[in-house]
Amino acid sequence: IGGGDVRIDMASGGREALESMHKTHYDCVVVDPALPEGEALELVEKIGNEPELGQPPVVLEAAHELPPADKLRVESLSERVPVRVAASPAQLLAETALFLHRPYGSMAESQQRSLDDKSDVLLAGRKVLIVDDDVRNIFALSSALVREDMKVLYAENGRDGIEVLQSNPSVDIVLMDIMMPEMDGYDTMRAIRAIPQFASLPIITLTAKAMKGDRDKCIAAGASDYITKPVDMTKLLSMMRVWLHRG
């Protein structure tokens, strides 16, 4: 999962990890469940119980299926801290990309291929909402996504987008244009994030702007990821697979 956009620190056990976390804020923690004597889940529990650690999301890198008792404990712990189980290197890459807000384009080519080749993250049957004031963009995106057997909804402004979303809470992902009249993409995303059931809904922003700081502004407003226009559909589809991945 390493790359120029990710700093990785290592710890040899739970105690060392906690010491490091008290000194440094981490955006994600990858834990080996094979640590001795239940140390891995104890670490996750302590992360959930100590707010001063910032309760970063945790990915359990499990090469083998967890025992039933550990599965139940993970489900219980997930109520306090986001916990995912990654059973393969590709899943580990996808889960950490999700939590680290890693744009597809920042990853090495080998990592991009790993995400492109994932057969367990399908778009078919998933429901996507496109919010864009340009019907030509809606048509182009819809045509490409329908070819992937996705169910496509659309809205031509932010307010309508929120209404469509509330009427269709089963939407899996949103593609959001930024430059829209009246209610732009930033305000629309803030309004969506204010609705509790959509707090973690994947939202990918589409914008013609590529100025320095734009991505940070999008993320701060509630975006999950960011891609510029004209949209590279191969990259967009891979990005969507990352954000639709749920282990």
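Predicted model: local features only at pLDDT ≥ 70, side-chain atom pairs only at ≥ 80, totals over all residues.
**Exercise 1. Which peptide bond joins lysine 229 and proline 230?** Give its omega and locate the proline.

*Solution.* The bond from lysine 229 to proline 230 is cis. Its omega is about -5 degrees. Proline 230 sits in the loop between strand E8 (225–228) and helix H10 (233–244).

**Exercise 2. How many of the 12 residues of H10 are buried?** Check the length of the helix, then its cover.

*Solution.* Start with length. At 1.5 Å a residue, the 12 residues of H10 should span 16 Å. The end C-alpha atoms of H10 are 16 Å apart, so the two values agree. Now the cover. Nine of the 12 residues of H10 are buried, so the rest of the structure largely encloses this helix. The buried set is Leu236, Leu237, Ser238, Met239, Met240, Arg241, Val242, Trp243 and Leu244. For reading such a list, recall that an α-helix has 3.6 residues a turn, so residues three or four places apart point the same way.

**Exercise 3. Where do glutamine 55 and aspartate 149 lie?** Report the backbone angle and the exposure of each.

*Solution.* Take glutamine 55 first. Glutamine 55 is not a glycine, yet its phi is positive, about 45 degrees. The residue lies in the loop between helix H2 (39–49) and strand E2 (58–61).

Now aspartate 149. Aspartate 149 also has a positive phi without being a glycine, at about 65 degrees. Its loop runs between helix H6 (135–147) and strand E5 (151–155). At 54% relative accessibility, aspartate 149 counts as exposed, since exposed means over 50%.

**Exercise 4. How many Å apart in space are proline 33 and valine 146?** Locate proline 33 and list its contacts as well.

*Solution.* Proline 33 lies in the loop between strand E1 (29–31) and H2. With a relative accessible area of 25%, proline 33 is partly exposed. Beyond four places in sequence, proline 33 is in contact with Ala40, Leu60, Glu61, Ala62 and Leu66. Proline 33 and valine 146 stand 113 residues apart in sequence. From C-alpha to C-alpha, the two are 40 Å apart in space.

**Exercise 5. Is threonine 188 buried or exposed?** Give its helix and its contacts.

*Solution.* Threonine 188 lies in helix H8, residues 185–193. Its relative accessible area is 0%, so threonine 188 is buried. Not counting residues up to four places away in sequence, threonine 188 touches Gly158, Ile162, Met176, Met180 and Met183.

**Exercise 6. How many helices and strands does the protein chain have?** Close with the whole chain.

*Solution.* The chain has 10 helices and eight strands. Its radius of gyration is 19 Å, close to the 18 Å that the globule rule gives for 247 residues, so the chain is as compact as a globular protein of that length. The C-alpha atoms fill a box of roughly 60 × 35 × 35 Å along the principal axes.

Of the 247 residues, 45% count as buried. Among contacts with a separation of 6 or more, 65% join residues 24 or more positions apart.

Last, surface and charge. The chain exposes about 12800 Å², and carbon and sulfur atoms supply 51% of it. There are 27 positive and 39 negative side chains. The centres of the two sets lie 2 Å apart.

Notes. Residues numbered from 1 in each chain as written. Heavy atoms only, no water. Helix = DSSP H or I, 4+ residues; strand = E, 2+ residues; numbered from the N terminus. Rg over C-alpha atoms; globule rule 2.2 N^0.38 Å. Buried < 20%, exposed > 50% of the residue type's maximum accessible area, 1.4 Å probe, protein only. Contact = heavy atoms within 4.5 Å. Areas by Shrake-Rupley, 256 points an atom, 1.4 Å probe, with all protein chains shown as cover. Lys, Arg positive; Asp, Glu negative; His and termini not counted. Charge placed at Lys NZ, Arg CZ, Asp CG, Glu CD. Expected span 1.5 Å × (residues − 1).
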